[in-house]
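Hi there,

Here is the structure I promised to pass on. Please have a look at it first, and then read my notes below.

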Amino acid sequence: MRTLISDTALIFGRYARQTLSSRFQMLFGILMPLLYLLFFGPLLTGLPLGSSGSSWQVLVPGLLLQLGLFGASFCGFAIILENNHGVVERLRVTPVSRLALLLGRVLRDTALFVFQGVLLVLTALALGLRAPLAGILIGFGFVALVVVSLASLSYALALRVRTPQEFGPVVNAVSMPSMLLSGLMLPMALAPGWLDVLSHVMPLRYLVDAMRDAYVGSYATAHMLYGTLVALGCAGLAVTVGTRVFRRAGA
């Protein structure tokens with residue numbers, strides 16, 4: 001365990017330094033959710049959204065998860081580039097744990113997207129969001145678990161394909177239905193019955209409902225229980241899958 005922690009910290013530090021050297025990478029990823037917040041959020045003010053809380057308490061949790069969904073899903077592009085430049089080949093001869101090679105990358109991604117989430121919430125507070133501090137912190141926890149899950153799967157997929165042209169369409173085919181069926185923009189309570197039922201096959205739906213409960217100060221709810229269980233289960237499964245792929249790929 002001590003070796004794993006040391007190896008993970010080493011890999012995390014390597015990729016964190018790369019990220020810190022690129023302010024463009026740190027800030028550009030938040031652009032799309034920020035545009036939704038600025039130009040879409042005011043349109044919802046005062047509308048009956050079929051959910052407790054204000055329109056901001058409905059929209060902001062969805063935007064945070066959208067940030068994690070799209071950002072983490074495309075993390076695998078980086079390892080495709082590394083593979084093409086021989087970085088992965090050089091890592092094969094090191095004694096670093098394969099799990100650490102995955103966790104170091106994933107924890108860097110988690111820190112980056114949580115940081116971007118903080119910027120998004122601060123902007124939302126300036127625009128009128130009012131939410132309990134505990135609920136906001138719980139929301140960051142859900143974002144972190146989403147990033148851990150999706151980044152792990154993204155890296156696993158990236159090691160299975162050879163080019164970005166193969167990687168991109170697969171990610172889009174998964175991320176777009178996930179966004180549309182999970183109710184990120186608007187609660188699925190507004191959807192027709194058949195669409196609401198269909199949305200329950202999307203794990204992200206449970207996290208959205210849990211985060212919206214947290215943002216209105218409701219913590220002991222069925223949504224919170226289901227969301228927590230789904231988030232933890234998906235994170236554990238994704239890390240397991242990602243680690244196995246790293247080991248088989250010799251990365």
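The notes below cover the salt bridges, a pocket and one serine.

First, the ground rules: this is a predicted model, in which local features need pLDDT of at least 70, side-chain atom pairs count only at pLDDT 80 or more, and totals for chains, interfaces and linings use all residues. Residues are numbered from 1 along each chain as its sequence is written, and side-chain values use heavy atoms, with hydrogens and water left out.

**Salt bridges**

Searching the whole structure gives three salt bridges (a side-chain nitrogen of Lys or Arg within 4 Å of a carboxyl oxygen of Asp or Glu). One of them pairs Asp109 with Arg108, at 2.8 Å from N to O. Asp109 is buried at 3% relative accessible area, and Arg108 is buried at 9% (buried means under 20% relative accessible area, exposed over 50%, partly exposed in between, with a 1.4 Å probe and protein chains only).

Arg205 pairs with Asp196, their closest N and O atoms lying 2.8 Å apart. Arg205 is buried, with 9% relative accessibility, while Asp196 is partly exposed at 22%. Arg205 also forms a salt bridge with Asp209, again with closest N and O atoms 2.8 Å apart. Asp209 and Arg205 are about one helical turn from each other, because they sit four residues apart in helix α11 (helices are DSSP runs of H or I, at least four residues, and strands are runs of E, at least two, numbered from the N terminus). Through shared partners, Asp196, Arg205 and Asp209 form one network.

**The second largest pocket**

This pocket has a volume of about 510 Å³. On a 1 Å grid over the protein atoms alone, a pocket is an open set of points where a 1.4 Å probe fits, with protein on both sides within 12 Å along at least five of seven lines; lining residues have an atom within 4 Å of a point. Grid points are joined across faces, edges and corners, and the volume is the space filled by probe spheres set on them.

The lining has 24 residues, and those closest to the centre are Leu69, Ser149, Leu150, Leu153 and Val174. Helix α8 contributes the most, with seven residues.

**Ser175**

Which residues does Ser175 touch, not counting those up to four places away in sequence? They are Leu69, Phe70 and Ser73, where contact means heavy atoms within 4.5 Å. Ser175 belongs to helix α9, residues 164–181, and is buried at 1% relative accessible area.

Best wishes
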